[in-house]
Amino acid sequence: MVSLVAQLVFPSGYGQKVWEDPSFIKWRKRDAHVSLHCHDTVEGSLRYWYERNNVDFLVSKSATWNDDAVPGALDSAAWWVKGLPFVKSLSDYWKFFLAPSPTSIPKNFYDSEFEDSTWESLPVPSNWQMHGFDRPIYTNVVYPFPLDPPYVPADNPTGCYRTCFHIPKEWEGRRILLHFEAVDSAFHVWINGILVGYSQDSRLPAEFEVTDFCHPCGSDKKNVLAVQVVRWSDGSYLEDQDHWWLSGIHRDVLLLAKPQVFITDYFFKSSLVEDFSCADIQVEVKIDNSRSPKESVLEKFTIEATLYDNGRWYECDRNANLLSFEVARLELNTTLNASPGFHAYVLSGKLEMPKLWSAEKPNLYTLVIILKDASGHLVDCESCQVGIRQISQAPKYLLVNGHPIVICGVNRHEHHPRLGKTNMESCMVKDLILMKQNNINAVRNSHYPQHPRWYELCDLFGVYMIDEANIETHGFDLSGHLKHPTSEPSWASSMLDRVIGMVERDKNHACIISWSLGNESGYGPNHSALAGWIRTKDPLRVIHYEGGGSRTSSTDIVCPMYMRVWDIVKIANDPNETRPLILCEYSHAMGNSNGNIHEYWEAIDSTIGLQGGFIWDWVDQGLLKDGANGSKHWAYGGDFGDTPNDLNFCLNGLTWPDRTPHPALNEVKYVYQPIKVSFREGVIKVANKYFFETTEALEFIWVVHGDGCSLGSGVLFLPPIEPQNAYDIEWESAPWYSVWASSSAAEIFLTITTKLLNSTRWVEAGHILASTQVKLPAKRECIPHVIKTTATTLLVENLGGIIKITREHFWEIKMNAQKGIIESWKVGGVSIMNSGIIPCLWRAPTDNDRGGGPNSYASKWKDAGLDNLVFHTESCCIKNMTDVMVQINVVYLGVQKDEQNTLLEARTSNVMSKVDVNYKIYGSGDVIMECNVQLSTDLPPLPRVGVEFQVDKSLDQITWYGRGPFECYPDRKEAAHVGIYQQNVNDMHVPYIVPGECSGRADVRWVVLQNKDGHGIFASMYGSSPPMQISASYYSTAELDRATHNEELVKGNDIEVHLDHKHMGLGGDDSWSPCVHDKYLIPPVPYSFTLRLCPVDAATSCHDIYRSQLPN
């Protein structure tokens, strides 16, 4: 019978393409179960976890994102099995051959004597596309092959792998299991030329017993392992996730040696009493005695389980007796039944005063289960980390340990720019420490089960998790003529197998608070079956599924994606909806994005029933690619010649591929911060938003700034604030009150910063946990100081269309009367402006600007001609002249660029804007610009309203008084404090993989650009004009618009400076529709603003300039 089935499964020669049959998903594959460790002693199991848990932020320092990651991945695979005497990693360099299809593989390549010396070597684990074979493909929705389920293309790249292994003598008498952590997408496996198994599902393990196919333990004969992997299978129709399609053996391959009767699975559960002072604990243990099925396990064996407290392990000597940390023993309980379908033995016990697990306090215990023979000798030993915690629901709330936690979450794909889908210990730790350091407390595994070590680390570091089944059928949305798999019985077993495999593997992890049925797969009867199975198997967790409108009976959480703020509030306020709302995806972080996120959190913090969400997503999925000049860069869809592709839609991260944070991560950290400070009605309120932690381990620092200068600072001594409580500080009794009272500053800001007093697993002591700046009340109206202008001699000449204004021996301005712009501005012979100043309404579109096709902002801007807008000068004339001031009026007409346009034609053409600029040029060198902008009412909302000019590239030191120090925009500036900041212009540029508008700073009062000697130009808001949005870059707006990759950008000869009276927000509710909130749009209405510019040198005080006023 086995021989007959093997013929049917065989990959070639029989005409049966099992990888195109959704009813045939596995053969000889063992049932799904928890990760096994095969310990030889209890002490060994505890020592294993002692070493494995000894990980902190220092590990992340060895994270690497380049070619060094290839050997690093092999090192990780070896480390993960260190200390396990009956587990052997086969991760290494294997022989590899890529065939164009399953029908063209080398004949009998799986035979032991096959000659493979001419084959290439490929590291396992890896994706073969990351090593020069085949090509990566990125798609979001569309399948990368014709949609004809369950069939896949005949041209189906097929990887043939070969390696050898010996079985140690010490394993004699044991059963040998071959364990693949994950293979993409379907594979056959042979041992010594004999077909031993077949499996699908690219993100879950496949395990086969190979005892009878291996040479005896200790034999000199090498065992030949051969694997055939097809890139496409019917399973690929269930794996249409928004990420790179990459193939191969991408997770670890292991050999496990188990006794003849062994522990094959177990399920730990805990139930807490109402006041959480005691836990009833139990573990269901499944024993494999398949080689002697007629014998009763309990007649020849005993099962024991013990719980050990990890909490004080690292306070003791490294050689401490770990057995002494036992806290509970579980006894066999024959009166309790195991979970349905789980034929197991139940052991139970009690734990008094348990240390509860939460993301804030991730207390863990080690569960050790042993199987003993009749003589009391240990036969088998398994262990894992467990947490005692309770997941429950109340009306409108998801509760952890009785508290309505708030999900400050992010979606995370497995992604490494060099390794693809392969994992490294240090890189996973890097993700976690960055998340924790930026107040992220939850992760959604998008959109599949991830590497087993990821779950252990989330347990250890403290991160809530939604574990998601490897099911997505998004591409079916584009083909209405096909029946959807979620409604087809023929796909039900495959879908259920994926859910079962996820739950069975991951069920003991404390971090998992919810199971997910998958992503973007519509909704059908199959989902009801999946939900029903999980609810029966694991009623102690909740279920999440967004498909079908996020409110079906198959989800315990209302979990929409990209729903607008006002709509989530509406659902939360619906009395008929008793489930909590947690956004499974929101704030699409594509390029320069994440605008409006603070508005979501204003709603979440104030609305019952809203419990947070998961930002899309964590990392830009750029792949490392060699450039033509030998340099490497981040590549996206289409860069590998892959078709179809969805271009840069894979670049949606809060970090670059090497985990360098985007500026927007500062905003995320701010809205997620657990300490909130507010100032209302004379009271400073410091609120502790934690649910389980007091503020006892925190230090509060206050600092007061006046007009950007520090006026005073100190430690803020507060009593410990209990979770979900606040402490009020009366204004007049605050330590900063006297500083405020004695200051003459026009603007005074108070910043309260919260730091950690002690180091943690994820960060060193002194880490800034939270920081909030509040504006203190003005004491009096600030009257600007009026400069006394001394008599000067201004020389004004009109030289053939050039108006030259000079203060001899000091400065010189040349204005082109025909163009109405300053052609040069020199001070003491030093050029401070090379070209300008002209109106500007255009910005290089961001990804969000481009989203929405013909309805996008960028499309409407281009349809209106804003990208080709040029300003002709209607008039330029001297209006007034005194000894100390020259007044010049310039009127600009904004028209669409046409080289044939003459000035006369421009006057009569479709004028989009008219800008009247009144220059007042003083003998002091000050230039006051009064700008009045008239706009055609036919224009769409504008990118910006302001001016631009070019300064010499030597003026590369920029200092500003405004928000910073990082990039910020009108709808993404809450985290950016007002202060005085200094940077190099080169460092202002934000290297988004796809260039666009970037490097802006919001609410700027003044800015100065200087050369190394201190000479330069100062610019500020003036009079009653509000603060500006500014930017300075070596890259022009046109260049940022032209380039499709950051490395393609070409620096200009000057620095382009923008001073904006208005600048449109970034948006970010999604990236495929125009969704900047109304308050951050710039309607085509009249605008007026005034700017001041003047030359400076090293001795100039920008603060004094800003506070001064000039006579009218």
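I count a residue as buried when its relative accessible area is under 20%. With that cut-off in hand, I started on the cysteines of this predicted model.

**Entry 1: cysteines**

I looked for disulfides and found zero in the structure. C559 is in no disulfide, and the nearest cysteine sulfur to its own, that of C584, is 5.4 Å away. Is C559 buried or exposed? Its relative accessibility is 0%, so I put it down as buried.

Next I turned to C876. Its closest cysteine sulfur belongs to C877 and is 6.9 Å away, which is too far for a bond. I needed the cut-off here: a disulfide requires the two sulfur atoms to be within 2.5 Å. C876 has 16% relative accessibility and therefore counts as buried.

**Entry 2: domains**

I noted the domain assignment for orientation. Domain 1 covers 18-30 + 63-258, and domain 2 covers 262-386. Domain 3 is made of 391-621 + 652-672, domain 4 runs over 675-776, and domain 5 takes in 795-900 + 908-1109. How far apart are the C-alpha centres of domain 1 and domain 5? I read 57 Å between them.

**Entry 3: helix α10 and its surroundings**

I picked helix α10, residues 597-604, and looked at how it sits beside helix α11, residues 664-671. Their axes come within 10 Å and cross at roughly 10 degrees. Angles under 35 degrees count as roughly parallel, so α10 and α11 are roughly parallel to each other.

Which residues make this contact? From α10 I listed I597, H598 and W601, and from α11 I listed E667, V668 and V671. Sorted by type, the residues of the contact come out as four nonpolar, one polar and one charged.

I then asked how enclosed α10 is. Seven of its eight residues are buried, so the helix is largely enclosed by the rest of the structure. The buried ones are I597, H598, E599, Y600, W601, A603 and I604. I traced what they pack against: strands β25 (407-412), β30 (581-586) and β31 (610-615), along with helices α9 (565-572) and α11.

I went looking for exceptions.

The bond joining T643 and P644 is a cis peptide bond, with omega about -5 degrees. I placed P644 in the loop between β33 (632-635) and α11. A cis peptide bond also runs from G964 to P965, where omega is near 0 degrees. P965 lies in the loop between β53 (957-964) and β54 (977-984).

For positive phi, I wrote down two asparagines. N192 has phi near 50 degrees and sits in the loop between β9 (186-191) and β10 (194-200). Its relative accessible area is 14%, so N192 is buried. N439 has phi near 65 degrees and lies in the loop between α5 (425-437) and β26 (442-445). At 9% relative accessibility, N439 counts as buried.

I looked up E120 first. It belongs to strand β4, residues 120-124. What does E120 contact, leaving aside neighbours within four places in sequence? I found W94, K95, F96 and F133. I also took a distance to G462, which is 342 residues apart from E120 along the chain; their C-alpha atoms are separated by 42 Å.

Then came E823, in strand β45 (residues 821-827). E823 is partly exposed as well, because its relative accessible area is 32%. Not counting residues up to four places away in sequence, I see E823 touching I802, K814, M815 and N816, and also M833, N834, S835 and G836.

Conventions
Residues are numbered from 1 along each chain as its sequence is written. This is a predicted model: local features need pLDDT of at least 70, side-chain atom pairs count only at pLDDT 80 or more; totals for chains, interfaces and linings use all residues. Side-chain values use heavy atoms; hydrogens and water are left out. Axes are lines fitted to C-alpha atoms, for helices over the stretch in contact, and angles run from 0 to 180 degrees between N-to-C directions. Helices (H or I, at least four residues) and strands (E, at least two) are DSSP runs, numbered from the N terminus. Angles under 35 degrees count as roughly parallel, over 145 as roughly antiparallel, 65 to 115 as roughly perpendicular and the rest as oblique. Contact means heavy atoms within 4.5 Å. Ala, Val, Leu, Ile, Met, Phe, Trp, Tyr, Cys and Pro count as nonpolar, Asp, Glu, Lys and Arg as charged, and the others, Gly among them, as polar. Domain bounds come from an automatic or database domain assignment. Buried means under 20% relative accessible area, exposed over 50%, partly exposed in between (1.4 Å probe, protein chains only).
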